Amino acid sequence: MIASIQTKNQSITRTLQDFFADLLKTGAVDAVLVPSRISESLYVKPCLITSADQMDPTVPLGPGFFVNAGPMVSRLTRTKAGATIGVWLRPCEVRAFVELTKLRQGGREEVVILSMDCPMALSRKDYEDWAAQGDEGLGDVDTWIHTVYQKPVTQVDAWPVARACQVCESPYPVNADVSVMLYGADLDKEIPVRADTEKGEKLLAALDLTDGGQEPEPRNALLANLTADRTAAFQALDEEMRVRTGSIDALNRFFSACVNCHNCRSVCPACYCKECVFNTDAVAYAPTQYLSWADKWGQVPMPNDTVFFHLTRLAHIGCTCVGCGQCTLACPSQIPVADLFISVTRNVRNAFDYVPGRDDAEPLPLSVFQESEFTDIVGMGNKEVT
Amino acid sequence: MTQTVMEPSQATPSKIPSLTGEAFEPVLIAFVCNWCTYTAADLAGTSRLSYPDNVRLVRVMCTGMVDPQYVIKAFLEGADAVLVSGCHPGDCHYINGNYKARRRILLLKQILPRFGIDAKRLRLTWIGASDGIEFAQTMTRFVKDIKEIGPCQARQQPVI
Ligand code: SF4
Ligand code: SF4
Ligand code: SF4
Ligand code: FES
């Protein structure tokens with residue numbers, strides 16, 4: 001069913017804030033998770049809100065995206081809370097949460113997932129500049145919203161969106177309970193919302209929203225153009241990465257500014273280990289080991305294991321990177337980590353015909369197998385010895 | 001024997017014997033399962049079947065325990081090739097570790113070539129406990145193949 005929420009005061013932000021407040025007031029949910037400004041700063045983080053009067057600082061749609069909320073929903077659903085939580089997630093956050101539920105790190109039972117056509121994100125520097133130009137320390141959110149949903153763009157006014165978003169293949173809701181359809185909508189008038197599951201229908205019914213809306217007429221065509229644009233942008237990115245990291249030497253240079261802080265891992269919603277091997281004694285080498293490495297090549301850069309760390313991460317999340325770009329945002333050395341991870345993993349997962357977040361029922365490729373598959377990779381690749 | 005020389009971006013280190021000598025002697029790391037391929041290697045030894053001494057065996061309980069990161073580390077430490085070898089389908093002593101290993105090898109075969117590590121440098125074989133001859137033949141063949149491909153780049157310069 002598709003309902004329509006009337007826009008209030010020509011402000012999408014206000015309309016969505018009231019929508020979340022109504023969810024709390026009607027008891028449709030006990031809490032909502034929505035990005036909200038921290039102490040009136042320009043930065044937003046997902047906040048778990050139980051009080052309907054706390055909506056003013058929330059920024060439901062905007063270019064600030066500094067935490068992937070997928071793992072936050074995982075934290076909220078690891079064990080039963082006895083409460084229903086409405087979570088407002090970008091498409092790549094839904095994908096991340098879906099992947100985590102496959103690892104039994106969280107479950108969907110007690111959450112209602114509300115997702116939206118994505119407002120995309122800015123790099124940290126661009127976000128700060130954008131914010132500085134608006135009132136009250138935050139950029140002009142409503143102008144952003146009105147621009148971003150009118151036609152496929154990789155640039156909103158003067159601001160190029162983050163590279164991860166430029167190549168994002170599904171910036172629209174997949175696998176949500178409620179999908180908010182903004183591309184091509186007449187936003188001064190209404191926001192069309194679609195219930196995709198029974199849970200979603202119940203939620204909309206609780207707000208007396210009925211089947212009176214429809215998908216914005218231009219939306220399908222816009223999404224098709226957007227997908228075509230982004231496929232082309234991905235191909236360009238892929239080419240660039242193959243050149244920039246095509247050998248061990250090139251890879252050394254790509255990560256030469258890396259300081260092994262592992263921020264890219266901390267913020268990555270696809271990294272799933274409770275304890276990362278790079279935090280363990282497995283990589284606490286004896287002094288003699290360093291000397292023997294130095295002896296082998298004449299020198300060994302320290303700290304070492306930089307490329308080892310990144311390639312291990314690539315292997316571990318090779319099928320499940322959701323392309324959110326958080327790793328690039330978090331890197332203090334301005335290494336375009338996400339560009340490399342997106343480029344590599346989107347090819348890797350093709351070998352398993354897997355798309356992260358696509359389907360709850362689709363098992364993680366490395367958790368299953370079939371007896372007669374991939375037989376061509378076994379053996380020496382010749383007839384004499386098989 | 002052809003030898004590919006990779007473009008050296010730094011001074012060629014002097015301490016790797018096989019790079020300073022005449023012929024290229026590759027280093028192969030073989031992760032072999034205790035129950036099948038390791039037993040086959042043992043049999044090859046006791047039967048006095050010869051195979052090149054370029055191969056360093058790492059005995060594991062099952063190919064299913066070879067985390068992709070072991071393979072990655074071996075390459076970054078300068079191995080020219082890596083073999084993972086275990087029991088034939090149906091014979092794995094932990095039921096299905098070898099099937100899981102096959103998916104991990106497929107994964108690595110997608111990732112490593114992106115960084116100039118030829119997919120042919122990574123092999124997966126099933127060699128049963130009584131296949132001593134096959135073990136020796138496989139090693140001989142693998143060493144020959146790698147001699148043709150040449151040394152891996154990580155062997156010639158340190159990886160950060
Ligand atoms: S990566 Fe895609 S879903 Fe995530 S913020 Fe960017 S456009 Fe949105
Ligand atoms: S690797 Fe980067 S882009 Fe991929 S899921 Fe992790 S943080 Fe997001
Ligand atoms: S965040 Fe940047 S500097 Fe830190 S480990 Fe990752 S790539 Fe290296
Ligand atoms: S025990 Fe040999 S492969 Fe599993």
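Between chain B and chain A there are 26 residue pairs in polar contact, both members being at pLDDT 80 or more. A polar contact is a pair of N or O atoms within 3.5 Å; within protein, one must be able to donate a hydrogen and the other to accept it, and residues adjacent in sequence count only if both atoms are side-chain atoms. The model is predicted: local features need pLDDT of at least 70, side-chain atom pairs count only at pLDDT 80 or more, and totals for chains, interfaces and linings use all residues. Residues are numbered from 1 along each chain as its sequence is written, chains are lettered from A and ligands numbered from 1 in the order in which they are written, and side-chain values use heavy atoms, with hydrogens and water left out.

**The interface of chains A and B**

- In chain B, the elements that give two or more residues to the side touching chain A are α3 (68-76), α4 (97-111), β4 (122-126), α5 (132-149) and α6 (153-156).
- The element that gives the most to this side is α4(B), with 11 residues.
- Helices (H or I, at least four residues) and strands (E, at least two) are DSSP runs, numbered from the N terminus.
- By class, the side of chain B that touches chain A has 19 nonpolar, 12 polar and 15 charged residues.
- For these classes, Ala, Val, Leu, Ile, Met, Phe, Trp, Tyr, Cys and Pro count as nonpolar, Asp, Glu, Lys and Arg as charged, and the others, Gly among them, as polar.
- Contact (heavy atoms within 4.5 Å) links 46 residues of chain B with 58 residues of chain A.
- About 4,900 Å² of area is buried between chain B and chain A, and carbon and sulfur atoms give 63% of it.
- On the side of chain B, Arg103(B), Arg114(B) and Ile160(B) lose the most area to chain A, together 20% of what that side buries.
- Buried area is the accessible area (1.4 Å probe) that two parts lose on being put together, summed over both.
- Chain B and chain A are also joined by 4 salt bridges.
- Arg103(B) forms a salt bridge with Glu373(A), with the closest N and O atoms 2.8 Å apart.

**Chain B**

- Chain B has 6 helices and 4 strands, which run α-β-α-β-α-β-α-β-α-α from the N terminus on.
- Of its 160 residues, 58% count as buried; buried means under 20% relative accessible area, exposed over 50%, and partly exposed in between (1.4 Å probe, protein chains only).
- Among contacts in chain B between residues at least 6 apart in sequence, 81% join residues at least 24 apart.

**Salt bridges in chain A**

- Over all chains, the structure holds 28 salt bridges, each defined as a side-chain nitrogen of Lys or Arg within 4 Å of a carboxyl oxygen of Asp or Glu.
- Asp339(A) and Arg163(A) form a salt bridge, with the closest N and O atoms 3.5 Å apart.
- Asp339(A) lies in helix α14 (residues 337-348) and Arg163(A) in helix α6 (residues 163-166) of chain A, so the pair ties together parts that are 176 residues apart in sequence.
- Asp339(A) is buried, at 7% relative accessible area, whereas Arg163(A) is partly exposed, at 28%.
- Arg194(A) and Asp196(A) meet through their side chains in a salt bridge of 2.6 Å, N to O.

**Ligands**

- Around ligand 1 stand residues including Arg90(A), Cys92(A), Cys118(A), Cys165(A), Cys168(A) and Arg230(A); a residue is near a molecule if one of its heavy atoms lies within 4 Å of it.
- The shell of ligand 1 divides into 8 nonpolar, 1 polar and 2 charged residues.
- Among the residues surrounding ligand 2 are Cys268(A), Arg313(A), Cys321(A), Cys324(A), Cys327(A) and Phe341(A).
- The shell of ligand 2 has 8 nonpolar, 3 polar and 1 charged residues.
- Ligand 3 has 13 residues around it, of which Cys258(A), Cys261(A), His262(A), Cys264(A) and Cys331(A) come nearest.
- The shell of ligand 3 comprises 8 nonpolar, 5 polar and no charged residues.
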